[in-house]
Amino acid sequence: AFPQLRLTSTRAALQALARHRKLTPEDAAVLRDGYAFLSLLENRLRIVHGLSGDKLPEKPEALRALAKRVGYAGEDAAERLAADLAAHRGKIRDVFERVVR
């Protein structure tokens, strides 16, 4: 129904959805930030651990190493990474439930 929204780039599609008022600026920001976070995490998982983007390492030391590669520091890096992942997933799910369903 909206050919101007049929784009191959996720980032460009999110911008177009906001520009054409199919997403609120807040929802577009949630999806944009979530996409950036999940893309970075998926990239590091594939490169470092050979895992898909939806499965975190199970061993605590591997999760800590991943957190550091993503940019977290400190003793609680793994816990903060897991908390941020859960927060992004929750926010994305909220947008999906309101906009798509």
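Residues are classed by relative accessible area as buried (under 20%), exposed (over 50%) or partly exposed (in between), with a 1.4 Å probe and protein chains only. The structure is a predicted model, in which local features need pLDDT of at least 70, side-chain atom pairs count only at pLDDT 80 or more, and totals for chains, interfaces and linings use all residues. Residues are numbered from 1 along each chain as its sequence is written, and side-chain values use heavy atoms, with hydrogens and water left out.

The protein chain contains 4 helices and 0 strands, where helices (H or I, at least four residues) and strands (E, at least two) are DSSP runs numbered from the N terminus. The C-alpha trace spans about 50 × 25 × 20 Å along its principal axes. Of the 101 residues in the chain, 25% are buried.

A search of the whole structure identified 4 salt bridges, each defined as a side-chain nitrogen of Lys or Arg within 4 Å of a carboxyl oxygen of Asp or Glu. One of these joins Asp27 and Arg98, with an N to O distance of 2.8 Å. Asp27 belongs to helix 2 (residues 25–49) and Arg98 to helix 4 (residues 77–99), so this pair ties together parts that are 71 residues apart in sequence. Asp27 is buried, at 7% relative accessibility, whereas Arg98 is exposed, at 54%.

Within helix 2, Glu42 and Arg46 lie 4 residues apart, about one turn of the helix; their salt bridge has its closest N and O atoms 2.6 Å apart. Glu42 is partly exposed, with a relative accessible area of 30%. A further salt bridge links Asp76 to Arg80 at 3.0 Å between the closest N and O atoms. Asp76 is partly exposed at 37%, and Arg80 is partly exposed at 32%.
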